[in-house]
Amino acid sequence: MTDADDFCPTAEDGAESDQQHPLILQRVQEEPKSWQTVASNRLKKNCSCTPKKAKSKILGFVPIVKWLPRYQLKEWILGDVMSGLIVGILLVPQSIAYSLLASQDPIYGLYTSFFASIIYAFLGTSRHISVGIFGVLCLLVGQVVDRELALAGYLPENSILSSNDSSILLGNGSFGMDCDRSCYAITVGATVTFTAGVYQVLMGIFQVGFVSVYLSDSLLSGFATGASLTILTSQFKYLLGLKIPRAQGWFTLFKTWYSVLSNLQNTNVCDLVTSLVCLMILLPTKELNDRFKAKLKAPIPFELFVVVIATLASHFGNFNIDYGSGVAGTIPTGFLPPQMPLWSLIPNVAVDAFSIAIVGFAITVSLSEMFAKKHGYTVDANQEMYAIGFCNILPSFFRCFTTSAALTKTLVKESTGCQTQISGIISALLLLLVLLVIAPLFYSLQKCVLAVIILVNLRGALRKFLDLPSMWRANRVDTSIWLVTMATSALVNTELGLLVGVLVSALCVLARTQQAKVLKLGRASNREYYEDVSSYRGLQTHPGVAVFRYDAPIYYANQSLFKKSLYKSAGLDPLREKSRAMKFKRKKKQDVPEGKPTHEHEAAATLMENKSLRGVVIDGSSISFLDTAGVNALKEVRKDYAELGVNVVLAQCNTSVLDSLQRGGYHPKAEGDGGEEAVIFYTIEDAVRYVQSLSAANGVQDSKC
């Protein structure tokens with residue numbers, strides 16, 4: 001049996017009746033609305049206030065008011081208390097350690113974790129994520145702080161004169177004070193944090209939470225890994241006890257390694273030995289925690305044990321006095337009075353704060369959605385932006401720096417039985433106890449111990465390098481985005497890495513539409529279903545009618561490629577045929593006597609050449625949209641093929657594409673009789689039969705029918 005036999009209409013199967021009655025769908029006609037009506041309706045929707053709407057807004061803005069009355073005390077309290085205590089214990093050494101990354105004194109890291117935990121518990125929609133200090137954001141804040149300290153004339157952190165002979169007079173809008181290096185550092189950090197929080201709240205107000213979808217997992221993972229390499233490099237000076245300033249600008253990784261290698265002879269042996277001992281303890285114990293996390297009810301807080309033991313050893317061994325080892329120094333108890341941001345500094349840090357705001361929000365939303373999906377509930381991306389925004393704005397008045405969700409602590413929180421954000425409040429209460437009572441006891445804690453804690457917590461990000469082969473096999477495009485983002489973040493500049501990652505992701509999406517090809521379709525033998533003939537066996541094609549599909553939108557950037565791919569797949573390029581016809585015409589002018597018309601010869605030659613193709617059906621089901629260039633491209637295809645006697649029709653187009661075709665004048669109107677209706681096909685089968693009927697009307701019959 002041949003292809004033609006399968007598709008010849010017969011009386012038995014009613015094909016002739018189907019030809020006369022193709023599928024017709026009636027479009028719903030939307031009533032046109034003036035802009036005044038649209039504006040009025042939106043104002044009524046967004047600005048009207050009823051008791052029910054006010055209650056809904058309040059409950060939506062402060063989610064704890066909604067879920068706390070339904071708190072299941074007996075079922076949830078034990079898990080929340082356990083996870084809150086464990087995370088709080090982990091936060092103490094990590095908050096102190098990550099203060100180094102942000103170029104701040106240890107007390108400010110404790111402040112930051114305390115306020116962020118409480119505020120997110122009230123405003124966040126995720127039940128599981130832990131919001132607090134995150135290494136990448138600390139690095140970004142620290143880079144801004146060091147830059148502004150240098151611009152303000154402060155000497156490097158380890159200079160002997162830095163605290164005595166370096167001070168400036170600050171005017172923060174409300175009062176002036178002599179501010180030493182530490183004071184100005186937290187003022188810069190708090191100003192950056194305030195500005196980033198304002199950005200995040202504004203994005204929440206304007207409902208732009210959707211921007212998180214443009215930051216893919218591969219982009220964020222590559223950015224975090226690249227930043228982790230920078231963090232790792234920045235901590236080596238503490239591991240070796242070197243007193244060198246943090247590198248600024250681009251290529252900080254290379255600058256830092258150059259400084260470290262150039263100053264190796266100045267290594268502090270006490271710090272080096274302490275670092276090696278702490279690494280030998282923490283690396284295997286953290287691995288044990290990871291390996292047996294399914295059996296352990298809670299991870300063993302080895303970090304806290306190391307901090308306590310190292311602090312005692314440093315205190316009684318006089319490491320700071322006898323060996324010159326760098327220590328945390330004085331950590332006061334209680335809270336300092338609130339202080340306004342340094343308004344005059346905001347223009348200097350506005351660009352930096354924007355990138356920090358985007359990173360913080362993206363990390364928080366991605367983690368929130370990941371754990372919400374895992375546990376079967378939903379989170380509100382815009383509310384998350386409000387929550388993380390206020391976790392930055394309000395604490396900035398209490399000398400805190402930027403926060404976001406943190407993966408490691410969130411995993412610990414989930415694995416130890418967390419059910420709600422009550423666990424965050426428990427963690428905050430534990431930090432409050434440390435702030436009010438215990439903090440001064442960490443005076444003798446060596447900075448190299450804090451650096452070891454940071455390095456050990458980078459293991460997860462650095463392990464991504466081991467996943468590269470599997471990532472490459474799974475998706476080469478995503479892996480390429482990961483590699484480019486990681487390399488730029490680590491080797492060039494951290495903030496630039498994020499921007500480059502976004503641009504590369506956008507270019508990859510654009511490239512995919514550029515690389516889309518027109519596919520020739522065939523019909524299944526027992527169904528009216530069409531699929532790519534090169535991908536499936538047993539598909540049958542129609543004699544004289546070719547069916548094609550284009551798996552991409554048609555717009556200005558790829559319309560030319562679409563036409564080339566279609567002509568190539570059809571095996572008939574109208575432009576080439578025109579060129580050949582012109583050559584044929586010139587040749588006949590030379591061979592035929594003057595006065596005899598040559599048009600008949602040209603038409604006959606073209607008809608003989610293209611006798612096998614009489615119609616083209618374009619399946620528009622995969623064309624998501626058309627712009628003006630796309631509509632014009634389809635017009636040109638139809639016009640070019642019409643000159644060769646080949647009919648072109650579209651099938652299965654969505655309503656958006658149909659509207660674009662109508663607005664673009666794809667369907668011509670005949671003059672005189674009121675115009676002709678646009679021929680629209682909702683199935684490929686109807687389109688094929690229509691093209692076959694046109695061929696039959698023109699006297700071209702299939703010999704098998």
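Predicted model: local features only at pLDDT ≥ 70, side-chain atom pairs only at ≥ 80, totals over all residues.
Trainee: Got it. Which residues make the nonpolar surface patch here?
Mentor: Val269, Leu272, Val273, Leu276, Val277, Met280 and Ile281 make a patch of about 610 Å².

Trainee: Where is Val269 found?
Mentor: Look at helix α12, which covers residues 269-291; Val269 belongs to that helix.

Trainee: And is Val269 buried or exposed?
Mentor: Exposed: the relative accessible area of Val269 is 57%, and the cut-off for exposed is over 50%.

Trainee: New topic, the open sheet. In what order do the strands come?
Mentor: The order of the 5 strands is β6-β5-β7-β8-β9, with mixed pairing. β6 (530-532) and β9 (647-651) are at the edges with a single partner strand each, so one side of each has no neighbour in the sheet. On average, neighbouring strands are turned by 35 degrees against each other, ignoring direction.

Trainee: How many bridges join β8 and β9?
Mentor: There are 5 bridges, and the two strands pair in the parallel sense. Across from Val616 you'll find Val648 in β9.

Trainee: Nice. One more: what does Leu407 touch?
Mentor: Leaving out residues up to four places away in sequence, Leu407 touches Leu367 and Met370. Leu407 sits in helix α17 (residues 407-415) and is partly exposed, at 38% relative accessible area.

Trainee: And how many residues apart are Leu407 and Thr364 along the chain?
Mentor: They are 43 residues apart, with their C-alpha atoms separated by 9.1 Å.

Terms used
Residues numbered from 1 in each chain as written. Heavy atoms only, no water. Patch = residues over 30% accessible without salt bridge, like charges linked within 9 Å, V, L, I, M, F, W, Y side chains within 5 Å. Areas by Shrake-Rupley, 256 points an atom, 1.4 Å probe, with all protein chains shown as cover. Salt bridge = Lys/Arg side-chain N within 4 Å of Asp/Glu carboxyl O. Helix = DSSP H or I, 4+ residues; strand = E, 2+ residues; numbered from the N terminus. Buried < 20%, exposed > 50% of the residue type's maximum accessible area, 1.4 Å probe, protein only. Pairing = 2+ DSSP bridges. Axes fitted to C-alpha atoms, helices over the stretch in contact; angles between N-to-C directions. Contact = heavy atoms within 4.5 Å.
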